[in-house]
Structure formats: structure tokens, C-alpha cells
Amino acid sequence: MYLKHFGLHEMPFGITPDTSFIYSADAHQEALNTLLIGLDTGEGFIKITGEVGTGKTLLCRRFLATLGEDNVVAYLPNPMLEPRVLLIAIAEELRLKLPGLDHEFHLVKEFNRHLLEMAASGKRVVICIDEAQSMPLESLEALRLLSNLETEKRKLLQVVMFGQPELDQKLANPAVRQLRQRIVFHYRMPGLRQQEAGHYLAHRLRVAGHRDGDVFAPSSVRLLYRLSSGTPRLVNVLAHKSLLLAYGEGKTRVSRAHVKLAGRDTEGLPGLQWWQAW
């Protein structure tokens, strides 16, 4: 590959979420602040939504990394589960053993006992759900009922949901209107802004080992941003392909022509108008 050619020690534009490459764009920081403020105020539900590839999973991992030892976290990356299985999955994440409890009433009762014990020991319980748009309505309602567990002073657990815009559509269903009313803090993640695109590319290159991150010409950055609409995952895909093309020609700088070819080889570019891009 092109690592040695560009003076890199690892791939700079992978699409797997990697917290070592986090770029604190304004929107990313605002979303993290929303999460931390919502958690500190003790509200029951916090919601983060955004289009595919805008960095929700990366934000989720960064958020989890900020939580101290006084937090007990249940993380569910795939919550497409019916209510009873959802409760069991959360219990396993909290290391709560539920032997022989096959009825939701008994599950919730045991949850309540366990959560009271954690609260008494000064622990805060956080349920963090990724891809929340895939949850059945019945499971969303079960989650709301679980969030009813509280003392006179505080909620016994808090729920943070990360999801695509389809989550908002699902929450608009009257069947889960009570849950929707409990979401006090929410944030919709946009993509990168145009003025952030060049800094984002240079940042990832420097983290990967490049001396100064100056690989993409200004015109190539502008076109890359236009093709990707600032969606970080698509920026990464286009940047990786552009580096491959530059490497294939023995060049150490990515030109607009390289980005053009990368765009022609990439499906799913949003709102692309080829006559303007070319």
C-alpha cells in the first residue's frame, strides 16, 4: 500500500470508528457537550441522531471514554431485540444475574433491587444504545417502563440513544409518545462544514504519521467536500482512493484529478451533480 510512500505508519482514512483519530469539529463537540450536560442533570433520556456516516458511533465511543468509575454502563450496539430479550441483554451488560426469571414483571422487579443497590453505593447507571432506530416499538416502550425506576430524588438509570433519522420517525408514533416526551436533551449531527474539511484531512494524516498533513491540494479538498457533502465516512472513502491514485502515479500530493477519479469509483455520493463537479 501507500504507507511508506506518504510517510505514514497506519492507514489514515479507515471507515472503522477509531477514537485515536477523533477530530473535534464544532458539531462533534456540541453533541458531546449535550450528552454530558444531559447526564449531569439526571434526565431519563438523551437522543443523538444523524445521517449514516456522520460519526455517531465514534461519538458514542468518545462519550463512553469520558465516563468515570462512578458510572456503570450497559452498551448495546445492536438493539433489534424483543422486550424480554432486551431486558436480559441489559442485565448481562450490568453483570446482573437473573436465574430462572422468565417473566418481564420479575425481571423489572430484580432490576429495581439491583439499581437501588447501585444508587446506594454512589453508582450512576447509563444504558447506551447504538443504532436505536432498529428497536421495535414494543422494546422502546419496555425501555421507558424500565426508566420509571426511581427514588424520590433521582432516576435510577439514564438512557442515551444514538440513531439515524428513522429514529425520529419511529418516535413520532403515538404508541411511544410518553417516551418522546421524556427526551429533554437531543442533538442532530450534521456533517463537516466546508472550512473544516481541509483541517480534518490534515489531522488524520498527522495522526497516521505524516510530517505536516499537507497532502491534499486546496482544489482537491474543495471537490472532495462537494462530492461527500461533508459526511465523514464518505470523506474517508474518497481520501483513501485518492491517495491510492496519487501513489499509483508516484505523486506525493493529491490533485483534483485524483479526487475526480475517486468520485467516479464511489457509489452513494449524496446530491452529486456531475456536470458541476466535473
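1. A salt bridge is taken here as a side-chain nitrogen of Lys or Arg within 4 Å of a carboxyl oxygen of Asp or Glu. By that criterion, a search of the whole structure, which is a predicted model, finds 10 salt bridges.

2. As for the overall architecture, the chain contains 13 helices and five strands, and its C-alpha trace spans about 65 × 35 × 35 Å along the principal axes. Of the 278 residues, 47% count as buried, while the accessible surface of the chain comes to about 13,700 Å², of which carbon and sulfur atoms supply 51%. Among contacts between residues at least 6 apart in sequence, 73% join residues at least 24 apart.

3. The largest nonpolar core has 33 residues, and those with the most contacts inside it are Ile 90, Phe 111, Ile 127 and Met 161. Two or more residues of this core come from each of strand 2 (71-76), helix 4 (83-93), helix 5 (104-120), strand 3 (124-129), helix 6 (137-147), strand 4 (157-163) and helix 7 (166-171). Setting aside neighbours within four places in sequence, Ile 90 is in contact with Ala 74, Leu 76, Phe 111, Ile 127, Leu 143 and Leu 146. A second, separate core comprises 30 residues, including Leu 234, Ala 239, Ala 246 and Val 259. In soluble globular proteins, nonpolar side chains tend to be buried together.

4. Helix 11 (residues 232-248) deserves a separate point, and Ser 242 has its place there. Ser 242 has a relative accessible area of 0% and is therefore buried. Not counting residues up to four places away in sequence, Ser 242 touches Phe 216, Val 254, His 258, Val 259 and Ala 262. Leu 244 also has its place in helix 11, but with a relative accessible area of 32% Leu 244 is partly exposed. Together with Met 1 and Met 11, Leu 244 forms a nonpolar patch on the surface, with about 270 Å² of accessible area in total.

5. Asp 265 itself is exposed, with a relative accessible area of 54%.

6. A contrasting case is the salt bridge between Glu 117 and Arg 113, in which the closest N and O atoms are 2.4 Å apart. Both residues lie in helix 5, four residues apart, or about one turn of the helix. Glu 117 counts as partly exposed because its relative accessibility is 43%, and Arg 113 counts as partly exposed at 37%. The side chains of Glu 249 and Lys 251 likewise meet in a salt bridge, at 3.5 Å from N to O, with Glu 249 partly exposed at 46% relative accessibility and Lys 251 partly exposed at 42%. Elsewhere, salt bridges that share partners join Asp 26, Arg 193 and Glu 196 into one network.

7. Finally, two backbone positions may be checked against the model. Arg 95 has a phi near 60°, a positive value in a residue other than glycine, and is found in the loop between helix 4 and helix 5; with 74% relative accessibility, Arg 95 counts as exposed. Ser 229, which is not a glycine either, has a positive phi of about 55° and is found in the loop between helix 10 (218-228) and helix 11. Ser 229 is partly exposed, because its relative accessible area is 39%.

Technical notes:
Residues numbered from 1 in each chain as written. Predicted model: local features only at pLDDT ≥ 70, side-chain atom pairs only at ≥ 80, totals over all residues. Heavy atoms only, no water. Buried < 20%, exposed > 50% of the residue type's maximum accessible area, 1.4 Å probe, protein only. Contact = heavy atoms within 4.5 Å. Patch = residues over 30% accessible without salt bridge, like charges linked within 9 Å, V, L, I, M, F, W, Y side chains within 5 Å. Areas by Shrake-Rupley, 256 points an atom, 1.4 Å probe, with all protein chains shown as cover. Core = buried A, V, L, I, M, F, W, Y, C linked by side-chain atoms within 4.5 Å.
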